[in-house]
Amino acid sequence: MKDNFPKVTIILRGYTYEQVKTVMEVLKDKHQQFALEITLNSPDVFTTINKISREFGEKFYIGAGTVLSLEDANNAIDAGARFILSPIKLSKEILDVCKAKKILSIPAAMTATEVMELKNNGADIIKIFPASIVGVKFFKDIQAPLGKLPLMAVGGVSSGNALEFFDNQAAYVGIASGIFNKEDILSQNSTGLKESLTLFDKKVLCKMDSK
């Protein structure tokens, strides 16, 4: 399942269904490049996840972020999330529920010990958070003794440094404010969103494809 997961996850935090849908309309032909995370600290979030999943879920990976508990995970999965992300190290119980329901799990770690614990407990992808604190070299350095790992860089990742994380053996990145201007999302400015997406495409996606 994770073999088909896009390299870049767009994190949308605090937006309404209408605002999220505007972003999805801009991304509609980019399902191979992007997954979409809707964080649970967003208004009427389970309704948003449900609607967006029904409308765009056949092409896109739509998931839930800021998952902190088993209740959060179950509610997100019931709403239609295909993956869950967390800023914390999720329990084995939650990871087992995801495995049983064929939902991709992406819990967070910040140390080698936490990374190995999550790997041994069955995490599909391990989110390194905040990535800006540990730095880009962390990803390459930790895999020297531990072997190849499915690591996702989240926190401080932008179009300006995303390639550095990939060059240092991060397998995935999650980006919140590093692609779109917040004001464009709030105002549902499709033109501004398309311009930002084109810039990210030129600075990151095209260069990834050429490697």
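Leaving aside its neighbours within four places in sequence, Thr48 touches Thr16, Tyr17, Val20, Ile38 and Pro43 in this predicted model. Thr48 is a residue of helix α2 and is buried, its relative accessible area being 3%. Two of the residues it contacts, Tyr17 and Val20, are themselves among the buried residues of helix α1. The points below take up the helices, their contacts, some backbone features and the cysteines.

**Helix α1**

- Helix α1 spans residues 17-27 and is mostly covered, with eight of its eleven residues buried.
- The buried residues of α1 are Tyr17, Gln19, Val20, Thr22, Val23, Met24, Val26 and Leu27.

**Helix α2 against helix α3**

- The axis of helix α2, which runs over residues 45-56, comes within 8 Å of the axis of α3, and the two cross at roughly 35°.
- On the α2 side this contact is made by Phe46, Ile49, Asn50 and Ser53, while α3 contributes Asp72, Asn75, Ala76 and Ala79.
- Sorted by class, the residues in the contact of α2 with α3 are four nonpolar, three polar and one charged.

**Helix α3 against helix α4**

- Helix α3 (residues 70-79) also meets helix α4 (residues 92-100), their axes coming within 10 Å and crossing at roughly 15°.
- Because angles under 35 degrees count as roughly parallel, α3 and α4 are roughly parallel to each other.
- The crossing of α3 and α4 is right-handed, and the contact involves Leu70, Ala73, Asn74 and Ile77 of α3 together with Glu93, Ile94 and Val97 of α4.
- The residues of the contact between α3 and α4 comprise five nonpolar, one polar and one charged.
- Lys92 belongs to helix α4 and, with a relative accessibility of 40%, counts as partly exposed.
- Although Lys92 and Ala123 are 31 residues apart along the chain, their C-alpha atoms are separated by 8.6 Å.

**Backbone features in loops**

- The peptide bond leading from Phe129 to Pro130 is cis, its omega being near -5°, and Pro130 sits in the loop that joins β7 (126-128) to α6 (131-134).
- Asp44 is a residue other than glycine that has a positive phi, near 45°; Asp44 is placed in the loop between β2 (34-39) and α2, where it counts as exposed at 56% relative accessibility.
- Gln169, likewise not a glycine, has a positive phi of about 75°; this residue is found in the loop between α8 (162-167) and β9 (172-175) and is partly exposed, with a relative accessible area of 38%.

**Cysteines and disulfides**

- A disulfide is a covalent bond that links the sulfur atoms of two cysteines.
- With a pair of cysteine sulfur atoms counted as a disulfide when they lie within 2.5 Å, the model contains zero disulfides.
- Cys98 is buried, with a relative accessible area of 1%, whereas Cys206 is partly exposed, with a relative accessible area of 42%.

Methods
Residues numbered from 1 in each chain as written. Predicted model: local features only at pLDDT ≥ 70, side-chain atom pairs only at ≥ 80, totals over all residues. Heavy atoms only, no water. Buried < 20%, exposed > 50% of the residue type's maximum accessible area, 1.4 Å probe, protein only. Helix = DSSP H or I, 4+ residues; strand = E, 2+ residues; numbered from the N terminus. Axes fitted to C-alpha atoms, helices over the stretch in contact; angles between N-to-C directions. Parallel < 35°, antiparallel > 145°, perpendicular 65-115°, else oblique. Left-handed = near helix turned anticlockwise from the far one by under 90°. Contact = heavy atoms within 4.5 Å. Nonpolar A, V, L, I, M, F, W, Y, C, P; charged D, E, K, R; others polar.
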